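Work through the exercises below with the sequence and the model at hand. Each task is followed by a solution in steps.

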2 protein chains.
Amino acid sequence: MNLNDNVLLADIGNTYFHVYDGTHVEHLLYEDALVKYQDKVLYYISVNHHLGAQIEKVVLWKNISSLISIEGEYETMGVDRKALCISHHSGVFIDAGSAITVDVVEKGVYMGGFILPGLKAYVESYKSISSVLDIVLNKELKLEHLPITTKDGISYGIIASIKALIDQQREGKTLYFTGGDGKFLSSFFEEVIYDEMLVFNGMQQAIMNKG
Amino acid sequence: MNLNDNVLLADIGNTYFHVYDGTHVEHLLYEDALVKYQDKVLYYISVNHHLGAQIEKVVLWKNISSLISIEGEYETMGVDRKALCISHHSGVFIDAGSAITVDVVEKGVYMGGFILPGLKAYVESYKSISSVLDIVLNKELKLEHLPITTKDGISYGIIASIKALIDQQREGKTLYFTGGDGKFLSSFFEEVIYDEMLVFNGMQQAIMNKG
């Protein structure tokens, strides 16, 4: 199997279809993706179990999930996380979407990882505890000083706790960020790479190595 | 004002009344506290705005919130956090309840702090993202190795991110834990103090110093 310019790649999540045409990434809803791309050759991976049967029926679309694997993977590991983890030989891979997954890879071997709530889920979580904690994330937050307001105290709690745990995993490895909040979150770290193509790069690697 | 053996202290939260009789702490619902203690002299602080007017009417109960203050406090700082922060001259004070508050005090001066979701709110937060992330916290979790299952990946995300951020604040200071999840959370740290009396100790300090 060889990748050519006419093949589209899709990463199907719980909310969006992410489609890569070889140049850029498009994010669209399932219905819109179906209308726009059902007559195109498209290789996909999907973590969306609800859509499984419907997607399988589209004749020109091919599920390449079985090609995606990494040494050390665990049984229930999402295929998008595996694709992300094979995009580079070593690194800490952070996908900041509805949840934030953090995975560590050393020389092609999966070392483990963890999951944090997504930024939106964090904010909703405080809101569910008390109306006093119902705030909008301060996106201009500075982490140099301890905050002294509720809004900043919550924003700091979210951002600084995520950052503290991710920084512990670095040990000289590169941090690779992707996902809807990946660019924003990466701005709190030094010397990192944000790349919305990472999952697609992993898919390409798998196709070229195993096809 | 002097504290004697007949005076009860109460810390009134959003869910529970915490009553200290000089020996131990009792946690009870508002209605039960009213039945049991309305004929006793009781000094209280409260962050429960819904109950405010009702509690004020109880003749033998006295709101001592105005006595509780700390240099550097901010306007909307909860009175229970202030009481906690004056319980010792210096330290990092962690109250792990429905939310987890972390406050830093140096030589009697409030330096700032932050707020994290409570353990229950974290678990609910993952559940709200996807049914795949609906797990029970692994209370036997070990932090030495990166996890490789969803349950442990979530448990690690919660505990290790809280721990990483709190450890950053230590800088030689003592960590003081209190609150319903305080004992459990403190078990992941080295050389810490868990004490369910901390808020009451702060109230006693305020009464003795200012009364």
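Domain bounds here come from an automatic or database domain assignment. The model is a predicted one.

**Exercise 1.** State which domains are assigned in chain A, and describe how they touch.

Solution. 
- Step 1. Chain A is assigned domain 1 (1-63) and domain 2 (71-211).
- Step 2. Between the C-alpha centres of domain 1 of chain A and domain 2 of chain A lie 24 Å.
- Step 3. With contact meaning C-beta atoms within 7 Å, 13 residues of domain 1 of chain A and 15 residues of domain 2 of chain A take part.
- Step 4. On the domain 1 side, strand E1 (8-12) and strand E4 (42-46) of chain A are the elements that give two or more residues.
- Step 5. That side of domain 1 of chain A has eight nonpolar, four polar and one charged residue.

**Exercise 2.** Work out how chain A and chain B are related.

Solution. 
- Step 1. Chain A superposes on chain B by a rotation of 180° with 0.0 Å of shift along the axis, at RMSD 0.0 Å.
- Step 2. The two copies are therefore related as by a two-fold rotation axis.
- Step 3. Of the interface residues of chain A, 100% are also interface residues in chain B, so the copies meet through the same surface.

Technical notes: Residues numbered from 1 in each chain as written. Chains lettered and ligands numbered in written order. Predicted model: local features only at pLDDT ≥ 70, side-chain atom pairs only at ≥ 80, totals over all residues. Least-squares fit on C-alpha atoms with pLDDT ≥ 70 in both. Contact = placed C-beta atoms within 7 Å. Helix = DSSP H or I, 4+ residues; strand = E, 2+ residues; numbered from the N terminus. Nonpolar A, V, L, I, M, F, W, Y, C, P; charged D, E, K, R; others polar.
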